[in-house]
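Here are some notes for a colleague who is opening this structure for the first time. Please read them with the sequence and the coordinates at hand.

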Amino acid sequence: MPESSASVPALAAALRARETSAVELASAAIASARADPYNAWLAVAEERALAQARAADERIARGDAPLLCGVPWACKDIIGTRDVATTAGSRILDGYVPPYSATVVERLDAHGAVMIGKTNLDEFAMGSSNENSAFGVVRNPWDRSRVPGGSSGGSAVAVAAGEVTFALGTDTGGSIRQPAALCGVVGMKPTYGRVSRYGVVAFASSLDQVGPFATTVEDAAIVCQALFGADPADATTMPLPDEDLRRDLERGVRGMRLGVPKEYFVEGIEPGVERAVRGAIRELERQGARIEEVSLPATDGALGVYYIIQPAEASANLARYDGVRYGLRVEGPDLVETYKRTRGAGFGAEVKRRMILGTYALSTGYYDAYYVKAQKVRTLIKAEFERVFERVDALVTPTSPTVAFGIGAKVDDPLAMYLNDVFTLPVNIAGLPGISLPCGLSEGLPVGLQVIAGYNQEATLFRVAAAYERAGGRLRTPGAQSASRTGAPTPEAEGRGRAPGPEGGLRPAEGVRQV
Amino acid sequence: MSEIDPRVVRYVADLARIALTEEEVDRFTRQLSVVLDAVGKLREIDTQAIPPTASVLPLENVMREDELRPGLTVEEAMRGAPVRDGDLFRVQTVIEERPPERAGA
């Protein structure tokens, strides 16, 4: 049985060598999604997946298939899929089956990638623990009593558990990078405007971006290559010249200037997280990068900016769920009462809190004090990042102040929950690209290293991340899909079968790409 | 110290068209007070002469030709309707009809 968690180039090579087939890969992924013990999946799209896989096999046989052709992937269930139910993790979309697919899904379809199904998430992507899903909490494969992070928890787990090769998530304040960190995989948020949001359930429109989860930095770059590009259906996508996002993967960091913002190593960060991240920074220095401490003082205001702008935009976006055109309807004595009952019954607690917060911040008398004030501080945060990127090529920080925490530990304390994203949300406020990749373990749980680059500098982001990955290694999730795989044995393949070492499974990944 | 109290939560929930239970009103009042105190720290940041940012994109007034393109069929657009009446979404009466004898009175 081939292993769907093999890297994209490894699978592409195995498919072309006829060592496996897209149908075989899809069947294996469907079986593992069905048997998934973490509640990562909301739906398995078996018929669609097998039809795509058969088409992929034909295309590969014709010899004109792109790299992603036949590769199994998982789709966060906030991304609309034609004829496949899309819930956004909410009861209010009960029974909703989109009549069209998001542009990102169409692009992956065009590449021949095989969508296995839809993954669990915090309701409307509001959360950082996946406990806000109307369909139950997702469990972290490293420790099932802990959260996987969120909001794209199901996508992170599907990749970490080796059920699929890559997954899509959305990231509004850290919803790709934080669960990637907590589950020990790579998660990437592109520059705002590089990926179409058309067909993605809108949360906070000036912050949302779609991006990949993968087991390697190169795979994340390959998926981005397929997703990036202007979309006539989304006026907030940027027309940019085509570029090869993988061109700098092997260049290393010698001579690069990397900034370490001192505001990202503050009270609240776990000592084990700081130790792992400082270790990663030393490794980049050892490879020849020039490390500079920098300061981003407006970081202090980022949480406030985020928790005004994001709920404000969400309160407007979610006004559409009124029980009239699709989804749940709970009848009341008149239309307004029908709206209120539908929304009262259809939304979970976190969504209601944010609707109230956002409506409040936009209401007469508070609009200037909250909303406009937050937009002004947003200008300061963006300007600080722009200034710092005149001096450094990229920033390196922790992704999350903590490792995965226990299920239930923060559910009744929204502010504690919101602080999970304190290192990721400034990146969304400014619209920059950011990536999280594993940088070791603390107390046996994965720690994420975040790399942030300037606008549209994804190639630089991948360059820095790949340099660290070569030395720091990928993490092997305990109990992930089994060791047998297609293709010639590689150090990576052998590593997979190895029992977790003293650090609980950290293993070197030299030669990962030489398949 | 925030200005949130149960009365404000009820009022704002009404604006947002969300029915809340009394238990939710109490819980959200407590939780939102804490959150508003935290975001209220923004007041300490000097933003005089700083313009607001609504979008980080360097794009303005994105235009395209206004051309006919294929769209959803009526059936596709209607298929998720909770209650429909032919090709219409059915909702409750919004404006009551006046009884004819009083029309114009």
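Helices, as the word is used in these notes, are DSSP runs of H or I with at least four residues, numbered from the N terminus.

1. With that in mind, the place to begin is helix α1 of chain B, residues 6-15, in what is a predicted model. Just after α1(B), the residue B:Arg17 takes a positive phi of about 55°. Within the helix, B:Val9, B:Val12 and B:Ala13 are buried, and because they cover an arc of only 105° around the axis, they lie on the same side of α1(B). The cover over these buried residues includes α11 of chain A as well as α2 (22-39) of chain B.

2. How many residues of chain A are in contact with chain B? The count is 57 residues of chain A, which meet 44 residues of chain B. On the side of chain A that touches chain B, at least two residues each are supplied by α9, α10 (335-346), α11, α12 (367-388) and α13 (414-418), and the largest share, ten residues, comes from α12(A). By residue class, this side of chain A divides into 29 nonpolar, 16 polar and twelve charged residues.

3. From α7(A) the contact draws on A:Val217, A:Glu218, A:Ala221 and A:Cys224, and from α15(A) on A:Glu458, A:Phe462, A:Ala465, A:Ala466 and A:Glu469. Six of the residues in this contact are nonpolar and three are charged, with no polar residue among them.

4. Some details of the backbone deserve a careful look, because most residues other than glycine have a negative phi, and most peptide bonds are trans. A:Asp83, which is not a glycine, has a positive phi of about 65°; A:Asp83 sits in the loop between β2 (72-76) and α4 (103-110) of chain A and is exposed, with 12 other C-beta atoms within 10 Å. A:Asn456 likewise has a positive phi, near 65°, and is found in the loop between β11 (445-453) and α15 (458-472) of chain A, where A:Asn456 is partly exposed, with 17 other C-beta atoms within 10 Å. The peptide bond from A:Gly150 to A:Ser151 is cis, with omega near 10°, and A:Ser151 belongs to the loop between β3 (114-119) and α5 (153-160) of chain A.

5. Finally, on confidence, the mean pLDDT of chain A is 92, and 92% of its residues reach 70 or more. Over residues 482-515 of chain A, however, the pLDDT is below 50, although this stretch has 60 contacts in the model beyond near neighbours in sequence.

Note on methods: Residues numbered from 1 in each chain as written. Chains lettered and ligands numbered in written order. Predicted model: local features only at pLDDT ≥ 70, side-chain atom pairs only at ≥ 80, totals over all residues. Contact = placed C-beta atoms within 7 Å. Nonpolar A, V, L, I, M, F, W, Y, C, P; charged D, E, K, R; others polar. pLDDT = per-residue confidence, 0-100. Buried ≥ 20, exposed ≤ 12 C-beta atoms within 10 Å, placed from the backbone. Arc of directions from axis to C-beta.
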